[in-house]
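I opened this structure for the first time today and kept notes on each thing I looked up. The entries follow the order in which I went through it.

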There are 2 protein chains.
Amino acid sequence: MSALPLAPVELAKSYLLLNHGPVTLVSSAAGGRRNVMAAAWAMPLDFNPAKVAVVIDKATLSRELIEASGEFVLNLPCRAIAAQVLAAGSLSGRDLPAGDDKLGHCGLAAEPGRAVAAPLLAGCVGWLECRVIPEAHNQQAYDLFIGEVVAAWADPAVFADGRWNFPDADRHTIHYRAGGHFFATGEAFSLPAGSADD
Amino acid sequence: MSALPLAPVELAKSYLLLNHGPVTLVSSAAGGRRNVMAAAWAMPLDFNPAKVAVVIDKATLSRELIEASGEFVLNLPCRAIAAQVLAAGSLSGRDLPAGDDKLGHCGLAAEPGRAVAAPLLAGCVGWLECRVIPEAHNQQAYDLFIGEVVAAWADPAVFADGRWNFPDADRHTIHYRAGGHFFATGEAFSLPAGSADD
């Protein structure tokens, strides 16, 4: 049984978790180690099969674990854990003693993914489990990784039937600016959609 | 003299216009035609030289103009022109009579870019003029375009000294969900930054 509120999200609709541009926490695991980093530079890349793009710097431990495992999870944090997001973006897993764990240092609990070994982070409101589609040139030249989404989950109190519906200020997704400055995802508004995709 | 409120943004800081994941309007021009499309799937890719990544579907007129010119502009719309963003995302330039202009249909005024021919759209609050870095495999396999930012501008009433400071609700940037549903960029909040990049 999971301690996390994981309701399945249809893969072809999983881009809706990322479409509005929130900051992500990228988690990874390989060879008995696990890690987490913050990434604002992530976006959907395709609907079906669902794909994402994310930038993973060469200097990071996450890069090593993702290249070794071919897997990562894009976790969608909410405002309640903004301090943990900032900690994940400020500290490098490389600076910790071997055997030490950045998730613990950042105050992030986790359990293993269902389709990948990379962890699903507690306190998040959405999760995209991804397998790397190897693209050596992109990875080398641009630090750009492309992943296929192989499982997707959302906290049903926050995202259900393909829509975000934030129940309180703490559970809004967040957007990263720089230097410890964030925006919360703000007011929802709608216009007649014409022929736009739904 | 420009009718648009164009204050220059240092290229190495231009990622800050896009870092929080707002929706963009991609404008293009080639061979006497110009066009605009909405793109939520855009993100920064590098600081210096500044680069961006954006998804441009093969079916679009924008794709043809961008491939012909090797240029595009990522325009950052604000809430005041959300209806124009939705129109740009709902209508294809291919469905208009030859010689007709999607910008006019969408109610978008424009003037040419300073470094590229693609237009800068009125009513926006930031502009990233980009030259395509040709990557045929990405373009073909993923509809993914990489651009180098060669000029960047912001409305100084909304973005100055590397920071967003929205003066009123109409000039907040916006984030696209689906089907005519948006979020406004919401409340700004800050945490002690530790060693995070500024």
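Predicted model: local features only at pLDDT ≥ 70, side-chain atom pairs only at ≥ 80, totals over all residues.

Within chain B I looked at the next strand along, where strand 13 and strand 14 run antiparallel and are joined by 4 bridges. Here I noted Y176(B), which stands opposite F182(B) in strand 14 of chain B.

Putting the strands in order, I wrote down an open sheet of 4 strands, 13(A)-14(A)-14(B)-13(B), with antiparallel pairing. Strand 13 of chain A and strand 13 of chain B stand at the edges with a single partner strand each, so one side of each has no neighbour in the sheet.

**The contact between the chains**

My next entry concerns the whole contact, to which chain B gives 48 residues and chain A gives 47 residues. On the side of chain B that touches chain A, the elements that give two or more residues include helix 2 (82-90), helix 4 (136-142) and strand 10 (144-154) of chain B. Strand 14 of chain B gives the most to that side, with 10 residues. Sorting the side of chain B that touches chain A by class, I found 28 nonpolar, 16 polar and 4 charged residues.

**Helix 1 in chain B**

I turned to helix 1 of chain B, residues 61-69, and listed its buried residues as L61(B), S62(B), L65(B) and I66(B). Seen down the helix axis, these buried residues fall within an arc of 130°, so they line one face of helix 1 of chain B. I checked what they pack against, and among the partners are strand 2 (24-30), strand 3 (33-39) and strand 6 (71-77) of chain B.

From E67(B) to S190(B) I noted 123 residues in sequence and 41 Å in space, C-alpha to C-alpha. Just after helix 1 of chain B comes G70(B), which takes a positive phi of about 70°.

**Chain A as a whole**

For chain A I counted 4 helices and 14 strands. Its radius of gyration is 16 Å, close to the 16 Å that the globule rule gives for 198 residues, so chain A is as compact as a globular protein of that length. The C-alpha trace of chain A spans about 55 × 40 × 35 Å along its principal axes, and 54% of its 198 residues count as buried. Of the contacts in chain A between residues at least 6 apart in sequence, 67% join residues at least 24 apart.

As a last entry I looked up helix 1 of chain A, whose buried residues are L61(A), S62(A), L65(A) and I66(A).

Notes:
Residues numbered from 1 in each chain as written. Chains lettered and ligands numbered in written order. Contact = placed C-beta atoms within 7 Å. Nonpolar A, V, L, I, M, F, W, Y, C, P; charged D, E, K, R; others polar. Buried ≥ 20, exposed ≤ 12 C-beta atoms within 10 Å, placed from the backbone. Arc of directions from axis to C-beta. Pairing = 2+ DSSP bridges. Rg over C-alpha atoms; globule rule 2.2 N^0.38 Å.
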